[in-house]
Amino acid sequence: MKTKLVKDLKEAIKLSGLSDGMTISFHHHLRNGDMVAVMVLDVISELGIRDLNVNISSIFDTHAPFIEYIRDGVITGIETDYMGGVVGRAVSEGILDKPVIFRTHGGRPSDIISGVSPIDVAFIAAPTADPMGNCTGKYGKSACGSLGYAFADAMYAKTSVVITDNLVDYPLTDFSIAEDYIDYVVCVDKIGEPSGIVSGTTKITKDPVGLVIADYAARAIEASGLLVDGFSFQTGAGGASLAAAKYLQDIMLARGIKGSYGLGGITSYMVDMMKSGCFKALLDVQCFDLGAVESIRTNPNHREVSASHYASPSAASSAVDSLDVVILGATEIDTNFNVNVHTDSNGYIMGGSGGHSDTAAGAKMSMIVAPLSRARLPIVVDEVLCKSTPGSTVDVLVTQRGIAVNPLRPELSEKFAAAGLPVVDIRELRDAAEKQNGKAKKPTLGNKEVAKVLYRDGTLLDTIYNVPVK
């Protein structure tokens, strides 16, 4: 039978027509265990191809070799939704001539599909594939679960290459991405390190401060009036967020509330909520742990969704549009409820919006959970260093010292107060944080633009400037 299988990456790259100045793309479902991006760039470097723009849905510390590719001129541009601290530090110190383009998880597929961000060659890391390119993340030694962020790349790139370490006979029937979008298939020994792909377990916090915050968050959701049959919900994988989900599960079971769906990057705790009857379905763009991978492989109500289905602002509809409540984190939040998740307090890049501003915009109630301080630095400040999510879309801040409500949502203040929750002005939280830790000092930054932060609709939210090297 016909096959798209080629002998190695070098042959696939040559056949793709990749040349200087083009754009290549990767997805991040292998997370900190990803070996594909560096593997591909090694071969590209050997072939002498330079001046590439890399569009990758997220960058982790395992991608540290990107720094050398930048120095060597192989990479001259980066577009991403998230950037970990290792590469982020080099970028913040001005290693790239062109600013990084930061998008959201919904904005990225929107711009790929519309042609704003075209891709010449997409490299799809696939834990299982057949010789024609049907592929999935549900099976194999490198199983990662959902491949939601890779759909737009595979479907809209001029050339798409699947890279797998588990080649199976045609046809792979339980595929995620179909063969009609794939041009070439390469089988390698290993695409990822399982210990970095997903964690064995994600842990609920045992920290007393985190548990107080989680309790307040769950009680606030109950008091909001949104916790009724058909309720939809997203939360992250942080310890306090998971604790809030557990407390919320207890409330839902006690009251017999049957939710509609859980959304986003899915953890074992969300799987448990579905199994216990809290939700009818899970819509999963990324699995965060092994329990979620097992669930998406075996439970038909645990559905893989593309990043466009998840959060694209230009799709006919997306799941965030129907979301009731989302729990989110923050590096900083200011008195106008603007949130920073891109930089640390010194201005170094160490994160990115991901789905933060997508879900904040879509949810009926967006909730930030955060302690008043971290590492003796205030979380609540007068003005964030970088605006990642605009305050107009952030409704509630939950801390161990009380709950601040955006003045745009006075009805929530009334409901929380009626439920006996400690409602405070966000400026009181700022003052308490400053009394405890001192006033946050703004770092001295340079005048070189190292990154542009785009909102989900493509408009410029903020610009990140370089941190001078001492």
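Predicted model: local features only at pLDDT ≥ 70, side-chain atom pairs only at ≥ 80, totals over all residues.
**Entry 1**

I began with the strand order. Eight strands make up an open sheet, and I read them as β14-β13-β12-β11-β15-β18-β22-β23, with mixed pairing. The edge positions belong to β14 (302-304) and β23 (402-405); each has a single partner strand, so one side of each has no neighbour in the sheet. From one strand to the next I find an average twist of 20°.

I then looked up two pairings. Strand β11 (residues 232-234) runs parallel to strand β15 (residues 325-328), and two bridges join them. Within this pair I find Q234 opposite V326 of β15. The pairing of β22 with β23 is antiparallel and has four bridges. A hairpin of two residues connects β22 to β23, and V398 has I403 of β23 as its bridge partner.

Which way do the residues of β23 point, and are they buried or exposed? G402 and A404 point to one side, I403 and V405 to the other, and all are buried.

I also noted what covers the sheet. Helix α8 (residues 208-223) lies across β11, β15, β18 (365-369), β22 (396-399) and β23. Its direction is at about 170° to that of β18.

I looked for nonpolar surface and noted a patch of about 340 Å², made by I113, M155, Y156 and Y181. I113 belongs to helix α5 (residues 107-114). Its relative accessibility is 36%, so I list I113 as partly exposed.

R108 and D153 form a salt bridge through their side chains, at 2.7 Å from N to O. R108 is in helix α5 and D153 in helix α6 (residues 151-156), so the pair ties together parts 45 residues apart in sequence. I checked the cover on both partners: D153 is buried at 1% relative accessibility, and R108 is buried at 4%.

**Entry 1: other salt bridges**

How many salt bridges does the structure hold? I have 23 on my list.

D324 and K364 make one of them, with their closest N and O atoms 3.1 Å apart. D324 sits in the loop between α12 (307-311) and β15, and K364 in the loop between α13 (356-362) and β18, so this pair ties together parts 40 residues apart in sequence. D324 is buried, at 9% relative accessible area.

Another salt bridge brings together the side chains of D358 and R456, at 2.8 Å from N to O. I place D358 in helix α13 and R456 in the loop between β24 (449-454) and β25 (460-465); the two are 98 residues apart and link distant parts of the chain. For D358 I have 0% relative accessible area, hence buried. R456 is buried too, with 11%.

I also noted a network in which salt bridges with shared partners join D382, R430, D431, E434 and K439.

**Entry 2: P300**

Last, I looked up P300, which lies in the loop between α11 (290-298) and β14.

Notes. Residues numbered from 1 in each chain as written. Heavy atoms only, no water. Pairing = 2+ DSSP bridges. Axes fitted to C-alpha atoms, helices over the stretch in contact; angles between N-to-C directions. Contact = heavy atoms within 4.5 Å. Patch = residues over 30% accessible without salt bridge, like charges linked within 9 Å, V, L, I, M, F, W, Y side chains within 5 Å. Areas by Shrake-Rupley, 256 points an atom, 1.4 Å probe, with all protein chains shown as cover. Salt bridge = Lys/Arg side-chain N within 4 Å of Asp/Glu carboxyl O. Buried < 20%, exposed > 50% of the residue type's maximum accessible area, 1.4 Å probe, protein only.
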